[in-house]
Amino acid sequence: MSGTGEWPLFEVFVRGKRGLSHTHVGSLHAPDATMALRNARDLYTRRQEGVSIWVVPSGVITASSPEERDSFFDPAGDKVYRHPTFYEVPEDVEYL
Amino acid sequence: MDGSQVGPLNAAETEDYAQVVEEHFGGLIDADQRIEPRDAMPAAYRDTLVRQMAQHAHSEIIGMQPEGNWITRAPSLRRKAILMAKVQDEAGHGLYLYSAAETLGVDRSELLAKLHAGKQKYSSIFNYPTLTWADVGAIGWLVDGAAIMNQVPLCRCSYGPYARAMVRICKEESFHQRQGFEILWTLARGTEAQREMAQDAVDRWWWPSLMMFGPPDTGENVNGAATQSHTKQSMAWGIKRFANDDLRQKFVDMTVPQAEKLGLTLPDPDLRWSEERGHWDFGEIDWEEFWRVLGGDGPCNAQRLAHRRQAHEEGAWVREAAAAYAAKHAARGQGAA
Amino acid sequence: MTEAGSGAATAAGASRHAGRVDPLVVLGLADDALVYAQRLGEWLTRAPEIEEDMALGNIGLDLLGQARGLLTRVGELDGTGRDEDALAFWRDEREFRNVQLVERPRGDFAHEMARLLWFSAHRLERLRQEQQSPDEVVAGVAGKAVKEVAYHRDHATQWVLRLGDGTEESRARMQQALVDVAPYLPELTEDDPVGAPVAREYVEAVLAEAGLGAPPEPRWHARGGRTGIHSEAMGFLLAEMQHLHRTHPGASW
């Protein structure tokens, strides 16, 4: 990297507004994290799309692979009790 | 695969890759699901996407030049601000698209190197010069209009990162076309000289804009046949959603009434409404000019590429310095820890 | 410094004078932004990396916005009723009140970062004062601009640190850039004797961190920008900026 002057890739996550979590919006190149944060501001929030930014070097992200998908995500598929719509409640009960 | 072991670096190295592609990829495409970066996919699908996203990104970056030309000469401060924001948006769109391409394992620097070496193309429309201020209007109205027509279907492209980049781009692009129309609207209602300037720009940009949809899908010549099979494959993969000629017709149908509103003439004597087809008929496109400009014989091909190369080369020492600084400080950080 | 001297100095810096706002001082603040935005506009498509095209474009747009707000106000304050375009496109060179630093032709990236660092460090101090301007419009523009220029200053800071402590070449270029802009700094200092020491302290701390030495005292320095005296570069800049607008007098765009 340093020999040729190529800048590493960073993934960018933006919190759209207070109360929301950071969402992946894309990537960019920067020499280091400090500049990546600034570049991300200019690139991904120039229409006031965010209140907070994370940048993460793309190389340090560990991702699940599609082949592992069945063992990773399918077990959750039968745990319907995790979803609020699983529970029947009388219609006139508020704030549930 | 055993999660604790390191798998093949490239999924294509596995023996049953073809079968995985067949079942996994084919199944997703059939179900109109999005393909994501780590999915198994046919090599040709990947190559087509990388090439298309790269060309698209290059077009945004090279496309900054014809309009960037007019930033320092914009005729009002309001126009200057709008134009700066627009050219800056194009840089941003280029970056979104390079970012999408990089999810397939290519590096932006590789793609730029190919652009600089003339090995990857960009939209041929940017090989035409912007001779007057009205050209900025014509580019916004016609060129961006045609680009949007091409791009909106890409928001539903089968490759997730490309589709997401396009959603972002299309959202931002809508202001580009409107500002172009507004420029021409103002000129057409201005002084005689301004009106002439507007008409002259439309005369020069109309036909190249129609060429932006690519050669006909009819396959009536060698190039056409290649286009036809390419279009077919891209449509089967969900990369392309409409044929070139369909999009071109849609663009003409949309633009003719707008030109009438502007009070400007589209330079085509054969333009007339067809009751039978329910579309506007238009004249023969000079495909010889298209292939000629694409092949390098356009007024600005050499200039655009030289400008881009120069910026890249003049920036080399800056990029190297920043990388060296980062390396030094990372090393110091580790030393301290 | 005598009391009288320091009082005069304050008046020279801010647009306040005996509670009234001097349109010519506001004009200086506007022209600095307009002319520098013009130079920064030249960088789009020429930056060292596409991310930097974005950054310099943002800075140019911020400054252009400041210029438009301030020019509009000048036309009201000076009683001529000129709008932002009349002021930008129909004034001749001698009527422009910008410091000469901003009209210098575009140099290499190190030169731009040296110029941006000094310019935004000084402008930030000026704007902070103008937030207290008795003129509500000027105070309003300054309030928004303070945040923008603080970011510009930070951008320049990050780059000066990297170029100063990057490669041998970048260090040499950065050092040379500091020499090249040095003759244009007294104009900034004279303009704002109150804020200038704060700006200088900021920049010197950055240079020290970057391991860059202070350039030798220049033998010559620029004078006269605030009274309409400019360098040879200014005529070319205005010719380019004003040509189209002036070719069609009275036209709308």
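Visitor: How do strand 1 and strand 2 of chain A pair, and over how many bridges?
Guide: In this predicted model, strand 1 (residues 9-15) and strand 2 of chain A run antiparallel and share seven bridges, where strands are DSSP runs of E with at least two residues, helices are runs of H or I with at least four, both numbered from the N terminus, and pairing requires at least two DSSP bridges.

Visitor: Which residue stands opposite Ser27(A)?
Guide: Ser27(A), in strand 2 of chain A, has Glu11(A) opposite.

Visitor: And what about phi at Gly19(A) in that hairpin?
Guide: The hairpin has six residues between its strands, and Gly19(A) adopts a positive phi near 100° there.

Visitor: Switching to the interface, how many salt bridges are there between chain A and chain B?
Guide: Five are found across it, a salt bridge being a side-chain nitrogen of Lys or Arg within 4 Å of a carboxyl oxygen of Asp or Glu; one of them joins Arg47(A) to Glu172(B), with N to O at 3.3 Å.

Visitor: Which element of chain A gives the most to the side that touches chain B?
Guide: Strand 2 of chain A does, with four residues.

Visitor: How much area do the two chains bury?
Guide: Chain A and chain B bury about 2,100 Å² between them, 54% of it on carbon and sulfur atoms, counted as accessible area (1.4 Å probe) lost on being put together and summed over both parts.

Visitor: What conventions apply?
Guide: Residues are numbered from 1 along each chain as its sequence is written, and chains are lettered from A in the order written. Local features need pLDDT of at least 70, side-chain atom pairs count only at pLDDT 80 or more, interface totals use all residues, and side-chain values use heavy atoms, without hydrogens and water.
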